[in-house]
Amino acid sequence: MGNENPMSTSDPQYILAFDTANEVVAVGVGLLDEQARGIELVASCEIEARRQSNTQLLSQINNLLEQQNIIRSSLACVVCGRGPGSFTGVRIAMATAKGMANALEVPLYGVSSLDAVAWNIQVNKRYGHLLVAADAMRQEVYPVEFILDEAGITRLGADSVVKAEEAAVACVGKNLLVAGDALVKHEELFISCGTVLERSLWTPTGRGLLLSAQAAWQQGKIDPFDTTLGNPALVLPVYTRLSDAEENERIRLSKNESKNLQTGVQGMCRSQAPGPRAVPVGTAFHNGQDISIRPLDAAHVSEVSQLEDVLMGTDAWNESLFLDELPRKDRIWWAAFHTEGDQALIGYAGGMIVDGYLQILKVAVREDEQHKGIARALLSFVAYDARDLGAQNVLLEVRASNTQAQVFYRALGFKKTGIRPQYYSDKEDALIMEGPLPLAQHDVAGMEVQLHEDTKTSQAGSFENPLILAIETSCDETAAAVIDGTGALRADVLASQIDFHARFGGVVPEIASRKHVEAICGVVEECLEATSRTSDRKPVAWQDLSAIASTYTPGLVGALVVGVAFGKAAAWALDIPFIGVNHLEGHIYANKIAAPDIEPPIVVSLVSGGHTMLVLVKEWGRYEILGETLDDAVGEAFDKVAKALGLGYPGGPVIARYAEKGRAHAIDFPRAMLHSGDLRFSLSGLKTAVVTHINKEREAGHQLNIPDVAASFQQAVIDVQVAKARTALQQTGAKEFCLGGGVAANQELRQAYEVMCDQLGVRLTLPPMSACTDNAGMIALVALDRYDQEKFFDLTADAYAHTSLEKPY
Ligand code: KG4
Ligand code: ZN
């Protein structure tokens, strides 16, 4: 049996399982026995990896397989711990597993990290009533009780998060076996609950993970050999709670003190943003209406109860019932509104979490707005939250006579599972229907995948090697692109999360990380699929790839880590190189999309939400930062000014839009460091000056002239940007000037640079609007150069929040 030969059915087939939900990296590899539905442990390892999971996990997997002489292509299935545990830890394992399973084209299944702990204890013959409590930070734990006997484990409850003290009090005197990494901090609390097991039994092991998988196989829940099951996109972490930002928002909204960030201007801002922007409900609305879906707040409860009266008759809830619902942590309520005109509430949906189930309480849409996909969209929002709160299935009751609703639910994957006789007040029966979460399998985590125009019309014909897949997840866009050896982008796709963050007035890191994990498989698959649009050949397949690249720095670490873990694991699975790309270098390379022939020396102005700098490109890959901001970035200043004006997020496009109608010299805002003689910037003073102006005008009882404020602010920014760029060009003698970053989409700024470059006799390159904001095409362009130079990253590659562009890599 030669390793080089393609697999035959008689070759051994392996299953790989791993988990990094705690401070431990656990890996197990097992031999699959299809007849017996059994998994024989081949090898396993557990190592302590404090906050180092991403550097350790793939190396451990690689070592384990090498020691056993197991080739990657003999892995028939991947299993990954879903937590609950450290959010970042779980995401590292999950993104790694998704990349690996996608590239190997094998099923991926998730198992509970807590079940893996229990199985490991069971196989060590410690039988009895067990409590596993994992650390949930903030003095909280994830407790689950099990009964362990010779036959196996029985779980007694669903995942939840509770105060450590409460969990302990609930178990006092129960004489339990106690395990779980919560004991590291809270052992004292749990001593009175029974016997604390030895530390080696507190965390998942490779063996425990494989036993969990075997149990699931024997119960018919998974099948390692069935490639129609185990879609890697659908495996998601167990969080059991929303992000802090969402939790706080719910509390605020339930108290009727909502800060209304969403003004009527929001719709305008969306249409002005560079590139297409998805509405929050993705593909749900084909009728061109602008509808916004937001968490239900106390201020709209009376509207809800009026609609209830109309739609629900004798089963209608009153206002106080809804008000009771809102502050509860196990409840989820979303509402749909018109964003134009009357801003009226047109529908709502809500549910509660009970023992791993989302129980739908209400789904209602105004009669004249039905059949437009609003109910489906509302349900998918409820479902997203429910998944984060630990639900895996969804359950609802529907009137036996309401066949229309039953058809709708069947289309979403619900099945009838029972009847509640005479359930309604008029004695009509209710059908019980159940379905799996997520409900929204038709989209990518509630986002629409956008295809960049520039790749749609490329020349037909075959692709030249190398073929490189590039992934970008540094902030709030999940993006992927494929480039070929000629430097042509064969596909360039993106899913923007902006609508999930806009309510919060900026990007919420925890939400960004969650959305990347949900979206990454779908975005990458769509990207590969899209390559067939630029050629007459089949789409690029995983096996066709020569390398995989991911943005590894700078950005939100929790977001970057998803792209790095996914890309690195996929490259490992295919045994091809992995390339790490600096995001800022990507913004520089984006100019090659507009002008493939630009050559150093080049001065580049990078202006985004996170960066403001002038860079000298000495040669491709060698950079000198001529000067950067001492405080806020330009995009940040636009965002903060927009927030102060109540114009929503992101601020850049909406400020630019108002500025068109205002006078650029109406208000004399400061031009900080204009004459500092160096190339550094400072923007916090300008922002403060604008805010002070706004407050003064309001205090004086004046009507604020928003267009004038916007235009004068924008002009102050542009004056400094242009003056410093001019100095940089004169000092360096460079004859090429380029732009990068989201603010480079600003038309006034672009025009000002045109004038300046004309005067200096310098060639100006402006990246297309879609390449100014974050995208994967620019990452692919860098990756191609790195590939040619054979600059590859190893299995310990990780994500970093900050890395200087000057540092060679
Ligand atoms: O590069 P980018 O998409 O993300 C970061 O890496 O930060 O840049 C986003 C920033 C936001 O601050 C946004 O307000 C700003 O770019 N922006 C603009 C414009 N379009 C986006 N700023 C000024 N004028 C615009 N037209
Ligand atoms: Zn960027």
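Because the model is predicted, local features need pLDDT of at least 70 and side-chain atom pairs count only at pLDDT 80 or more, while totals for chains, interfaces and linings use all residues. Residues are numbered from 1 along each chain as its sequence is written, chains are lettered from A and ligands numbered from 1 in the order in which they are written, and side-chain values use heavy atoms, with hydrogens and water left out.

The largest pocket holds about 1,500 Å³. On a 1 Å grid over the protein atoms alone, a pocket is an open set of points with protein on both sides within 12 Å along at least five of seven lines, a cavity is a set where a 1.4 Å probe fits but cannot get out, and lining residues have an atom within 4 Å of a point. Grid points are joined across faces, edges and corners, and a volume is the space filled by probe spheres set on the points. The lining of the largest pocket has 44 residues, and R82, G110, K221, I222 and Q392 lie nearest its centre. Two or more lining residues come from each of β5 (108–111), α3 (113–123), β8 (152–155), α6 and β18 (430–436); β5 gives the most, with four. Helices here are DSSP runs of H or I with at least four residues, strands are runs of E with at least two, and both are numbered from the N terminus. By class, the pocket lining divides into 20 nonpolar, 15 polar and nine charged residues. Ala, Val, Leu, Ile, Met, Phe, Trp, Tyr, Cys and Pro count as nonpolar, Asp, Glu, Lys and Arg as charged, and the others, Gly among them, as polar.

The largest cavity has a volume of about 160 Å³. Its lining is made up of E246, W334, F381, Y384, D385, D388, F500, R503, I511, R514, K515 and E518, with at least two residues supplied by each of α11 (374–388) and α15 (509–530). Seven of these lining residues are charged and five nonpolar, with no polar ones.

Helix packing comes next. Helix α2 (residues 87–104) packs against helix α16 (residues 557–574) at an angle of about 35 degrees, and their axes are 7 Å apart. Axes are lines fitted to C-alpha atoms, for helices over the stretch in contact, and angles run from 0 to 180 degrees between N-to-C directions. The crossing of α2 and α16 is right-handed, a term used if the near helix is turned clockwise from the far one by less than a right angle. On the α2 side the contact (heavy atoms within 4.5 Å) includes R91, I92, A95 and T96, and on the α16 side it includes V561, V562, A565 and F566. This contact has 14 nonpolar, three polar and two charged residues.

Some individual residues round out the picture. F225 lies in the loop between α6 (206–218) and α7 (244–254) and is partly exposed, with a relative accessible area of 26%. Buried means under 20% relative accessible area, exposed over 50%, and partly exposed in between (1.4 Å probe, protein chains only). Leaving aside neighbours within four places in sequence, F225 is in contact with Q13, L32, E34, A76 and W217. F225 and E34 are 191 residues apart in sequence, yet their C-alpha atoms are 8.1 Å apart in space. E325, in helix α10 (residues 319–325), is buried at 6% relative accessible area; beyond four places in sequence, E325 contacts W317, R331, W333 and L361.

Backbone geometry supplies a last group. Most residues other than glycine have a negative phi, and most peptide bonds are trans. The peptide bond from T553 to P554 is cis, with omega near -25 degrees, and P554 sits in the loop between β23 (547–553) and α16. Another cis bond runs from P600 to P601, with omega near 0 degrees. Phi is positive at T240, near 65 degrees, and at K427, about 75 degrees. T240 is buried at 6% relative accessibility, whereas K427 is exposed at 54%.
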